[in-house]
Amino acid sequence: MNRILIVDDERPIAHLIEMNLTHAGYLCRCAYDGEEAVSLVDSEPFDLILLDVMLPLIDGYDLLEYIRPLEIPVIFLTAKSDVRDKVRGLKLGADDYLTKPFEIIELLARVETVLRRYHKTDRLIQLADLQIDTLSRQVRKGGQEIPLTKKEYELLLLLAQNKNVALFRETIYERIWGGGDMGDSRTVDLHIQRLRKKLGWESRIVAVYKVGYRLEAEE
């Protein structure tokens, strides 16, 4: 299980991020100022740090310079949207830069991308008796392989990587079918129906009224 440190002095934002990352299967710790973050980094191992720029005691830029020799990937999360701030953060060694406010699904996607870049993602995703092998793209349920189309596999992986998170239909369509106008609004619904049937997950992939779908998974 990947360990993520969230460093943000706005506690409601830090707790919201922590809740969603925990639901997605990550182990999270929070720090609310730069000195607390240094203490945690010195005492615990982390696979990724989500770092605000404007922090009490030690700001995000100085903290990033302290973290860099430890070779822990960092994603900046900040309200500072000026291009110069972004360039400064990236030049200091940040792996990505996300401007507030942001959608949780975008944060989850960027977290997964950075962890994969550092080869820190789990090859196997286990959900009850279902196993997803992200290297071979094979899906097994109860030890039996479930044949899925490319889009069905990508849809399942998206749901699994965002388990217990309600995903908008538009977001699902953008991530799986490449964005743009949804066109036939039934595309997502039909693929969900087929995926439910193949997996026997009629009660696990649930419709969320006026939103889209959520994969329910035990913590």
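These points concern aromatic rings and their surroundings in a predicted model.

1. Local features need pLDDT of at least 70, side-chain atom pairs count only at pLDDT 80 or more, and totals for chains, interfaces and linings use all residues. Residues are numbered from 1 along each chain as its sequence is written, and side-chain values use heavy atoms, with hydrogens and water left out.

2. The structure holds three aromatic pairs (rings of Phe, Tyr and Trp, the last by its six-membered ring, with centres within 6.5 Å; planes under 30 degrees apart are stacked, over 60 edge-to-face, the rest tilted). Phe 76 and Tyr 97 form an edge-to-face pair, 5.9 Å centre to centre with 70° between the planes. Phe 76 is in strand β4 (residues 74–78) and Tyr 97 in strand β5 (residues 96–99), so the pair ties together parts 21 residues apart in sequence. Strands are DSSP runs of E, at least two residues, and helices runs of H or I, at least four, numbered from the N terminus.

3. Phe 76 counts as buried at 0% relative accessibility, and Tyr 97 counts as buried at 3% (buried is under 20% relative accessible area, exposed over 50%, partly exposed in between, with a 1.4 Å probe and protein chains only).

4. Tyr 173 and Trp 177 form a stacked pair, 5.6 Å centre to centre with 15° between the planes. Both lie in helix α7 (residues 169–177), four residues apart, about one turn of the helix. Tyr 173 is buried at 13%, whereas Trp 177 is partly exposed at 22%.

5. Thr 187, in helix α8 (residues 186–199), touches Tyr 173 and Trp 177, not counting residues up to four places away in sequence (contact means heavy atoms within 4.5 Å).
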